[in-house]
Amino acid sequence: MRQIIRKTYSVCPVCLKRIPAAHVALDNKLYLEKNCPEHGSFSTIIWHGLRDLESWRGDLPEIAQGENENCPHGCGLCPEHQQDTCCVLLEVTKRCNLHCSFCFAEGGDGEDIPFTTVRNNLFTLADPGKTLVQLSGGEPTVRDDLPQIVAAAKEAGCQYVQLNTNGIRLAQDKEFVKDLVQAGLSFVFMQFDGIDDAVYRRLRGKDLFAIKKEAIENCASCNLGVTLVPTIVPGVNTGEIGRIIRFAVSHAPAVRGVHFQPVSFFGRIPALPSAEERFTLDQLLDVIEKQAGELVPQDSLLPSRCDHPLCGFHGDYIVMNDKTLYPLRQRDNCCCQPTSAEQNRAFVARRWQRPQAETSSDNLLKQEAKDLGEAEIETLEGFLHRIRSHSFTLTAMAFQDAGNLDLERLRRCSLHVFANDRFVPFCAYYLSKQA
Amino acid sequence: MAAKERKWKCWKCSEELVKQQVLFTYLGHTFSHDLPTCPKCGRVFIPKELADGAIAEVEEQLEDK
């Protein structure tokens, strides 16, 4: 039986006009349904009924009539936006050294943003001592002056500088990695879609697995933490999810975690998506249980509480010597209250950045941390040593596109793009028509 | 004299404290640490530097974001 269970607002995927929408339950699945007076009705699957949605979402209020009326077309952030900036994304180039079949930013043959513009943007966006800036593109590493950009970000007062990259140059140019670290780069988000080159050929147009491993090695030798970022596309790499997790764990502590991004349909996309082409958050949870259940206790993956619960999840672990994961939080021992962007920023930085002690001449500390095994985390000192060096996260971010955009979710977004002197929620900034 | 070298007595029992393994439990995790403990009543003395240092850091690491 078809049943409306929640009301919200979305956009028409054809003209992007803001229109009412509803969560509609049918055959245990949940759809976002909406009707554009000009372009007709649209229905997009948003939950497959593989997890209890009400329990996952908690008691967040739905968006009421009269709230967030300028959303999403009035963005930058307005007083009605319900979350501060956790991470701010800054594009430094439109150029890219790949031509992927999926790309939110439509990278390719564009141009670099002039250095003075980038520098001015960094000084405008930075809240000294707080900001986490993600340098993105295009592919940022095509710029030879990227280390100068990283240094400018630090000079502007950014506490953390994150690099969003495909890893190609990090693999091929170790001196460049050293220069980035020297300039103050904090950690890397590296595109990593699987451990099978067939996946890379399909999504990225060439074999890249060996390059990814080389990039991880070069970052490891510079004590630079790498989080693997797979774009999950049905029919391409959903079968890789467990292998990606095991690969990441086996390359800890250089690899700090996996950040899954189910495919979203904005920017450059092959065609309008059908239900089978989407991969919902509960499908991802289900596949992780099926493919890596022996490693990842299901109740260790918790709904996002900085962003909207339907936007992602996080799991927090220590990697043990035998390459198992010791979960730090499970649903029965967490606080489960919404958290601030500042708390979230401190958390991700603690986990994704490698501790400085490992690069220092303090070999004793290095050795102590290395020697501590599973039994030792039962002591205060042993636990702290291990969590500083071997923390690991499994996280996910389900970006929204014109098909499944839910303004209840968008108004809680903490990932913001900085452009034209404004902070714009990621999914609003990259929103693009689907026809 | 450093705090860790002082001899402490239990304010209630007047017994001299002796180092014993103490268990801390927080958010479902249990850790051990050797601390001055009253052999008679079991009261434990937690030095300020431990409370402000390792214990505070463990709390921060375990508290959900």
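Is A:Lys323 buried or exposed, and how many other C-beta atoms lie within 10 Å? The legend for View 1 takes that up. Everything here comes from a predicted model, where local features need pLDDT of at least 70, side-chain atom pairs count only at pLDDT 80 or more, and totals for chains, interfaces and linings use all residues. Residues are numbered from 1 along each chain as its sequence is written, while chains are lettered from A and ligands numbered from 1 in the order in which they are written.

**View 1**
A:Lys323 is exposed, with 12 other C-beta atoms within 10 Å. (Buried takes 20 or more other C-beta atoms within 10 Å of a residue's own, exposed takes 12 or fewer, and partly exposed is in between; C-beta atoms are placed from the backbone.) Look for A:Lys323 in the loop between β15 (312-319) and β16 (325-327) of chain A. Helices (H or I, at least four residues) and strands (E, at least two) are DSSP runs, numbered from the N terminus.

A:Pro72 is part of the loop between α1 (53-57) and β5 (87-91) of chain A. To find A:Pro253, go to the loop between α8 and β13 (255-262) of chain A.

**View 1. Helix α8(A) packed on helix α9(A).**
Two packed helices are described by the angle between their axes and the distance between the axes. For α8 (residues 241-250) and α9 (residues 281-292) of chain A, the angle is about 65 degrees and the axes are 8 Å apart. Axes are lines fitted to C-alpha atoms, for helices over the stretch in contact, and angles run from 0 to 180 degrees between N-to-C directions. So α8(A) and α9(A) are roughly perpendicular to each other. (Under 35 degrees counts as roughly parallel, over 145 as roughly antiparallel, 65 to 115 as roughly perpendicular and the rest as oblique.) Their crossing is right-handed; that label applies if the near helix is turned clockwise from the far one by less than a right angle, and left-handed if anticlockwise. From α8(A), residues A:Ile241, A:Gly242, A:Ile245 and A:Arg246 meet A:Val287, A:Ile288, A:Gln291 and A:Ala292 of α9(A). Contact means that two C-beta atoms, placed from the backbone, lie within 7 Å. By class, the contact of α8(A) with α9(A) has 5 nonpolar, 2 polar and 1 charged residues. (Nonpolar covers Ala, Val, Leu, Ile, Met, Phe, Trp, Tyr, Cys and Pro; charged covers Asp, Glu, Lys and Arg; the others, Gly among them, are polar.)

**View 2. Helix α3(A) alongside helix α5(A).**
Helices α3 (residues 146-155) and α5 (residues 174-183) of chain A pack at about 15 degrees, with their axes 8 Å apart. They are therefore roughly parallel to each other, and the crossing is right-handed. A:Leu146, A:Pro147, A:Val150 and A:Ala151 in α3(A) meet A:Asp179, A:Leu180 and A:Ala183 in α5(A). That gives 6 nonpolar, no polar and 1 charged residues in the contact of α3(A) with α5(A).

**View 3. Helix α6(A) and its buried residues.**
In α6 (residues 197-204) of chain A, the buried residues are A:Val199, A:Tyr200, A:Leu203 and A:Arg204. They span an arc of only 95 degrees around the axis, so they lie on the same side of α6(A). (The arc is that of the directions from the helix axis to the C-beta atoms.) These buried residues pack against α7 (209-221) and β12 (231-232) of chain A. After α6(A) comes A:Gly205, with a positive phi near 90 degrees.

**View 4. Chain A touching chain B.**
The contact takes 17 residues from chain A and 12 residues from chain B. On the side of chain A that touches chain B, α12(A) gives the largest share, 5 residues. That side has 9 nonpolar, 5 polar and 3 charged residues. Chain B itself has 1 helix and 2 strands, running β-β-α from the N terminus on.
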